Amino acid sequence: MDRSTPRPERTEEERAAAYQKMRRGVITNELARPLIRRRFWSKIDNTGGPDACWPWLAAIGHSGAGQLTVGRYMLSAHRVAWELTHGPIPAGQVVIHACGKAWCCNPAHLKIGPLSDAHVGRRKPIDACPHGRDRRRYCGACATAPTVTG
């Protein structure tokens, strides 16, 4: 392409799709690293067993979902749990909590569906940690809870 020829303008949808494609590739590559996997699973309390909710013990966003920084991206913990156990999230789909608890990272409690299904029966964000303390403040019990790395 000649530099004097102007580049065709892309629509907002095309720019958003290109960004999401690039982001998915970066995130997929980063999540393949063993260090990221160990770091992620060390922040989950899965001592309740395979059927119980597995609370996220680190940063919690305003929606009540866990957050993890990978590279320069802030990721939702439940989305990372899905990708580590089931693979990439299909385009146009979201990860839905079957248990209704935004902080839960148990892959057995997560399912894939359209965004319209994610808001059906949605509760208000949970402001308390599993120990009943305010999620916006430091919880000594959560910070010292035993974790299982995997």
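The model I have open is predicted.

**Entry 1. Overall layout**

On that count I find five helices and four strands in the chain. I read the order from the N terminus: α-α-β-β-α-β-β-α-α. The chain has 150 residues, and 33% of them count as buried. The chain exposes about 9,600 Å². Carbon and sulfur atoms supply 53% of that area. Residues 24 or more positions apart account for 50% of them.

Which residues of helix H2 are buried? In H2, residues 34-41, I noted Ile36, Phe40 and Trp41 as buried. These three sit on the same side of H2, because they cover an arc of only 120° around the axis.

I then went to the largest nonpolar core, which has 20 residues. Phe40, Ile44, Trp56 and Val80 touch the most other members. I listed the elements that give two or more residues to this core: H2, strand E1 (67-70), strand E2 (73-76) and helix H3 (77-86). H3 gives the most, with five residues.

I followed up valine 80. Leaving aside neighbours within four places in sequence, I find valine 80 in contact with Leu31, Phe40, Leu68 and Leu75.

Strand E3 runs over residues 94-97, and both of its faces are covered. On one side I see Val94 and Ile96, on the other Val95 and His97. All four are buried.

How do E3 and E4 pair? They pair in the antiparallel sense, over four bridges. E4 spans residues 110-113. I looked up the partner of histidine 97 in E4, and it is leucine 110.

**Entry 2. Histidine 109**

I moved to the loop between E3 and E4, where histidine 109 lies.

**Entry 3. Alanine 52**

I place alanine 52 in the loop between H2 and E1. Its relative accessible area is 25%, so alanine 52 goes down as partly exposed. With neighbours within four places in sequence left aside, alanine 52 is in contact with Asn106 and His109. I also took a distance to cysteine 99.

**Entry 4. Cysteines**

How many disulfides does the structure hold? I find zero. Cysteine 99 is in no disulfide. The nearest cysteine sulfur to that of cysteine 99 belongs to cysteine 53, 3.8 Å away. My cut-off for a disulfide is a pair of sulfur atoms within 2.5 Å. Cysteine 99 has 21% relative accessibility, so I log cysteine 99 as partly exposed.

Cysteine 105 is buried, with a relative accessible area of 1%.

Notes: Residues are numbered from 1 along each chain as its sequence is written. This is a predicted model: local features need pLDDT of at least 70, side-chain atom pairs count only at pLDDT 80 or more; totals for chains, interfaces and linings use all residues. Side-chain values use heavy atoms; hydrogens and water are left out. Buried means under 20% relative accessible area, exposed over 50%, partly exposed in between (1.4 Å probe, protein chains only). The arc is that of the directions from the helix axis to the C-beta atoms. Two strands pair if DSSP finds at least two bridges between them. A nonpolar core is a set of buried Ala, Val, Leu, Ile, Met, Phe, Trp, Tyr and Cys residues joined through side-chain atoms within 4.5 Å. Contact means heavy atoms within 4.5 Å. Accessible areas come from the Shrake-Rupley method with a 1.4 Å probe; for residues, only the protein chains shown count as cover.
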